[in-house]
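Let's take a walk through this protein together.

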Amino acid sequence: MPKRTGFLGHTLAAAGTVAALALATAVPAGAATPSTVEQDVAQLYQDVVDLYNGLPADALRGVDRLIESPIPRIGPRSRAAQGPIPGCTEGSLLTYANKLASQLTPLENKALDALSGLSQLYVQGVTSDKSPQVFGTDGQYTSRATDTIDKLRGFWDIESWNIQLVAWKGTDLGSQAKMAQTFSLGLAPAKVKNAAALATKVLYEVPALQGGRNPLITLNAFSAPAGSLGGKRVALGDGLLDTVGVLGFDDVSVESVVGHEYGHQVDFAHDNYPRNESSEMGPDAYGGYFVAHAKGFGWNARTQQEVAYLDASIGDCYHSHGTPDQRKAAGAWGEKQATSQANPNRIIPSATMIEKFQKVYPKLMPPATDQPTGAAVAAAHG
């Protein structure tokens, strides 16, 4: 398996994949005595592993994150093939994030993995939209995020009143009270207080974490169904919004990402849990339909194209969430469904949209193992 950067370990840890957390580099026998910081990071890492191991069996059921690691996942939800897709280049967002992660030391990566996984559990299982939510590191995306979720609730024909939109903020890690609530989800009660104190200590004794403002800690977004920890929600990471802005997609970032994550809620509402790339490409299509539709944002052709390129930026090359070209094609297909309607004000029922996409999906993303040979193609057209 090719060497991957710490960011990939981060995304796996954020998913709650305990097996990934357990892949931390062990201290070789006979090595120098670890420093206090190294000891703190190692203990926190173990605390987070124990926390995830102590969660209810269905706590993370159906949780879909925007960015998936190319490394094949261990467990029943694994979709990745063994090795990268030949000739594929991962999207610009993944490339940028991996570059950021490559600048971290192994110790910094280990601390980031543990704290990112911890912060996802906080935003998934503890925080609530009953308290004011602030989106963006400086709150700059709050109005756009709330406007988008409000519009989505009125657009799709699914139960929407109980879908929370919550802010995923690395700075929440600085609150011992919040971390104690998080560790209480699965850690032995006697260990909770010390673990919470250690989390905030590591946050500030490892400078690269920037007190929770390192974008890698929250460089993701996810959607969770009713049966998972915390219930139905969409979580929007500050680090993701910052990074998408750096890459030049700020004009469409919030609306596109929230539209995509809400697309997962559309799938959840119809018990649609695909085990292939359509699990992410479908929400790309639903999101594209929403932003292009007259009763959505009604964005013009140029802006629609920008959304499709944002979809492409998060494509990977490991048969996981779809390649950049496939993600772009899915988003563009959704946009076309809106712009080619005879009645521009008609909204396709969500169940029908899912059915339409599943029919077209093989054409957008032919399974690599089923690709016909040149001779077969010639015979088919002969």
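Start with two helices, α13 (residues 324-339) and α14 (residues 350-364), whose axes come within 11 Å and cross at roughly 140°. Helices here are DSSP runs of H or I with at least four residues, strands are runs of E with at least two, and both are numbered from the N terminus. The axes are lines fitted to C-alpha atoms, for helices over the stretch in contact, with angles running from 0 to 180 degrees between N-to-C directions. That angle is why α13 and α14 are called oblique to each other: under 35 degrees would count as roughly parallel, over 145 as roughly antiparallel, 65 to 115 as roughly perpendicular, and the rest as oblique. The crossing of α13 past α14 is right-handed, meaning that the near helix is turned clockwise from the far one by less than a right angle.

Who does the touching? On α13 it's Q326, A329, A330, W333 and Q337, and on α14 it's M353, K356, F357, V360 and L364. Contact means heavy atoms within 4.5 Å. Sorted by class, seven of these residues are nonpolar, two are polar and one is charged. Here Ala, Val, Leu, Ile, Met, Phe, Trp, Tyr, Cys and Pro count as nonpolar, Asp, Glu, Lys and Arg as charged, and the others, Gly among them, as polar.

A word on the model: it is predicted, so local features need pLDDT of at least 70 and side-chain atom pairs count only at pLDDT 80 or more, while totals for chains, interfaces and linings use all residues. Residues are numbered from 1 along each chain as its sequence is written, and side-chain values use heavy atoms, leaving out hydrogens and water.

Now hop over to N98, in helix α4 (residues 92-102). With 7% relative accessibility, N98 counts as buried; buried means under 20% relative accessible area, exposed means over 50%, and partly exposed is in between (1.4 Å probe, protein chains only). The C-alpha atoms of N98 and L216 are 9.3 Å apart, although 118 residues separate them along the chain.

Two loop residues are worth a look as well. Q210 isn't a glycine, yet it has a positive phi of about 55°. Find Q210 in the loop between α8 (189-205) and β3 (221-224); at 44% relative accessibility, it is partly exposed. D271, in the loop between α10 (253-269) and α11 (278-292), also has a positive phi, near 50°. D271 is exposed, at 65%.

Finally, zoom out: the protein chain has 15 helices and four strands, and 55% of its 382 residues count as buried.
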